Number of protein chains: 2
Amino acid sequence: MSSIAVGSRAFDSITTPSGRAENVLGGSVTHFSLAASYFTQVRIVAVVGEDFTSEHEAVFKKRGIDTRGIEHAKGKTFHWAGHYLENLNEAKTDVTELNVFESFKPQIPVEYRDSKFLFLGNIHPTLQTAVRHELKDVRLTGGDTMNYWIQGFRNDLVETLKLVNILLINDGEVKMLAAETNLPRAAQKVLAMGPQALVIKHGEYGATIFFRDGAFGIGRHPFRAPTLPIDEVKDPTGAGDSFAGGFMGYIASQETLNREVLKRALFYGGVMGSFAVECFGTERLQSLTDGEIEERFQIFRELTHLD
Amino acid sequence: MSSIAVGSRAFDSITTPSGRAENVLGGSVTHFSLAASYFTQVRIVAVVGEDFTSEHEAVFKKRGIDTRGIEHAKGKTFHWAGHYLENLNEAKTDVTELNVFESFKPQIPVEYRDSKFLFLGNIHPTLQTAVRHELKDVRLTGGDTMNYWIQGFRNDLVETLKLVNILLINDGEVKMLAAETNLPRAAQKVLAMGPQALVIKHGEYGATIFFRDGAFGIGRHPFRAPTLPIDEVKDPTGAGDSFAGGFMGYIASQETLNREVLKRALFYGGVMGSFAVECFGTERLQSLTDGEIEERFQIFRELTHLD
């Protein structure tokens, strides 16, 4: 069923120990939509500037992604430049030019209004809230956020969280949001703010999904998925959004939502994240095959499977 | 089959956010032997001082642990005092009084010489090497080490590693030993130094076992086991040695060594580590039942199991 993703679209300039890429396609909906496109029909809502050409748009159309929700504004596309040192878990920002993204007000095309799954990428929580209110037919909402909103716009974010079914967030963010250093306790505090489930991403150690008691009728035992130990992470940018794309895309592709679906979704999230980091930008996510995804899913499964 | 463990024995004074414990039983062979005793017959080699009473020894005898290798020396037992702040992964040492441990030369009782499994706890690598050479019948040697030996006694440690089949080590240590920040690459470098397998402990994120190509005839795909998200880690001291005890103890309890045994051993390592941190000192490890261990093993399995 159709999924809609709202978030940032950017051109990224990235330096890592493996090399450098200039002005490659980036932003949360970019990685999310490409990753999710292997599982479900994706519609995107974002804003771009005049430097975003039909050639750029073709990357998404080629993956069957609905780009009618891309607003073309006067000016330049959001530009982010950053680098990673040996610790690939932490991006150092060199340049943030918001450009047309600064005044982004998501406009939902009429044709998108029957979407059943919604992913709220990492944008201002009041924009996330407004989008969710506008989409009446949505069955399941996934959301992302970051330190910046947790620290500076906490009250707005708390309102958003009441509308989010599954929040995807990393270790540091969940601890900050809950003001609690113990991970499972932090998870329970955030679940009490609204979400039925919380996906906590642990970087190279995988991810854990925590459930609110009785959520989705499946009890509260957490579940953990690994990531693949990777010899060379070329570029970690977008790994989290690619994870979200695999996770939400797989859920949208299934007829029902139960514990087994959520478990597999967590694995598919890890699978798509592991592909994303193999190349700079979105290069790897543009050219996958279903066979490659299934093969890697099996590797992930074998990584923790006891007979 | 009988396992022999060589290492430190101590009295620990520990402060954590959950409270404080004074002069509780500690040291690497203490946690290791108690954890392993639920799986196999364990013999220990260590040194204690005059403050180590028959009451202390009774804790081990009650678990069927062979204490004939405990040397009683003049003076006081090794004493460690430390504390943990909110980050429970890092112990801050307040007091280290080596006492009788300073001149520890492991003496292997004649009755121990037919042992088939050996665990070399975290002691000077030249002592580890000497013990391994003395035990001719050993089939499998597991070893531990720490930053202190890696930085200051690297050449000695490199010699020890040639004699160790499975090295158990944490993320920071393996990266330091390999001088390499990427985990799988660091693992391969350390495997090239001698061990056939490497168990890397990730603290609250579980552990991964990496294999040298062709090791144990089972190929080189890594395997990962989770840990349980725990609401309150009361005292992390000894978690690594308890992990090693579950891991090595389970291996020693099995007739053959294959991939499935090593996978389960990794899970049992996590299980015993998760019990260890629930109480101060060795309190929890002294009073477990087989039923509790099996129940937790199933919880660990469910935590990552896809149908």
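Which hand does the crossing of α6(A) and α7(A) have? It is left-handed. A crossing takes that name if the near helix is turned anticlockwise from the far one by less than a right angle, and is right-handed if clockwise.

Before the tour, some ground rules. This is a predicted model: local features need pLDDT of at least 70, side-chain atom pairs count only at pLDDT 80 or more, and totals for chains, interfaces and linings use all residues. Residues are numbered from 1 along each chain as its sequence is written, while chains are lettered from A and ligands numbered from 1 in the order in which they are written. Helices (H or I, at least four residues) and strands (E, at least two) are DSSP runs, numbered from the N terminus.

**Stop 1: α6 and α7 of chain A**

Select residues 171–178 of chain A for α6, and 183–191 of chain A for α7. The two helices pack at an angle of about 60°, and their axes are 9 Å apart. Axes here are lines fitted to C-alpha atoms, for helices over the stretch in contact, with angles running from 0 to 180 degrees between N-to-C directions. That angle makes α6(A) oblique to α7(A). The classes are these: under 35 degrees is roughly parallel, over 145 roughly antiparallel, 65 to 115 roughly perpendicular, and the rest oblique.

Now show side chains. α6(A) brings A:Asp171, A:Val174, A:Lys175, A:Leu177 and A:Ala178 to the contact, and α7(A) brings A:Leu183, A:Ala186, A:Ala187, A:Lys189 and A:Val190. Contact means that C-beta atoms, placed from the backbone, lie within 7 Å. Colour by class: seven of these residues are nonpolar, none polar and three charged. Ala, Val, Leu, Ile, Met, Phe, Trp, Tyr, Cys and Pro count as nonpolar, Asp, Glu, Lys and Arg as charged, and the others, Gly among them, as polar.

**Stop 2: α3 and α5 of chain A**

Move to residues 125–134 (α3) and 154–161 (α5) of chain A. Their axes come within 8 Å and cross at roughly 25°. α3(A) and α5(A) are therefore roughly parallel to each other. α3(A) passes α5(A) in a left-handed crossing. On α3(A), pick A:Pro125, A:Thr126, A:Gln128 and A:Thr129; they meet A:Asp156, A:Leu157, A:Glu159 and A:Thr160 of α5(A). This contact has two nonpolar, four polar and two charged residues.

**Stop 3: α3 and α5 of chain B**

Switch to chain B and select residues 125–134 and 154–161. Here α3(B) and α5(B) pack at an angle of about 25°, with axes 8 Å apart. Their crossing is left-handed. B:Pro125, B:Thr126, B:Gln128 and B:Thr129 of α3(B) meet B:Asp156, B:Leu157, B:Glu159 and B:Thr160 of α5(B). The contact divides into two nonpolar, four polar and two charged residues.

**Stop 4: two loop residues of chain A**

Centre on A:Cys279, in the loop between α9 (259–276) and α10 (283–286) of chain A. A:Cys279 is partly exposed, with 17 other C-beta atoms within 10 Å. A residue is buried at 20 or more such atoms within 10 Å, exposed at 12 or fewer, and partly exposed in between, with C-beta atoms placed from the backbone. Leaving out residues up to four places away in sequence, A:Cys279 touches A:Lys234, A:Asp235 and A:Arg284. For a distance check, pick A:Thr181: its C-alpha is 33 Å from that of A:Cys279, and the two are 98 residues apart along the chain.

Next, A:Asn99, in the loop between β7 (91–97) and β8 (117–120) of chain A. Its phi is near 50°, a positive value in a residue other than glycine. A:Asn99 counts as partly exposed, with 19 C-beta neighbours inside 10 Å.

**Stop 5: a loop residue of chain B**

Select B:Ala179, in the loop between α6 (171–178) and α7 of chain B. B:Ala179 has a positive phi of about 50°, although it is not a glycine. B:Ala179 is exposed, with 9 other C-beta atoms within 10 Å.

**Stop 6: where the chains meet**

Show both chains. The contact takes 29 residues from chain B and 30 residues from chain A. On the chain B side, α7 (183–191), β13 (223–225), α9 and α11 (290–304) each give two or more residues. That side divides into 12 nonpolar, six polar and 11 charged residues.

Finish on α9(B), residues 259–276. How many of its 18 residues are buried? The count is 14, so α9(B) is mostly covered.

Notes: Contact = placed C-beta atoms within 7 Å. Expected span 1.5 Å × (residues − 1).
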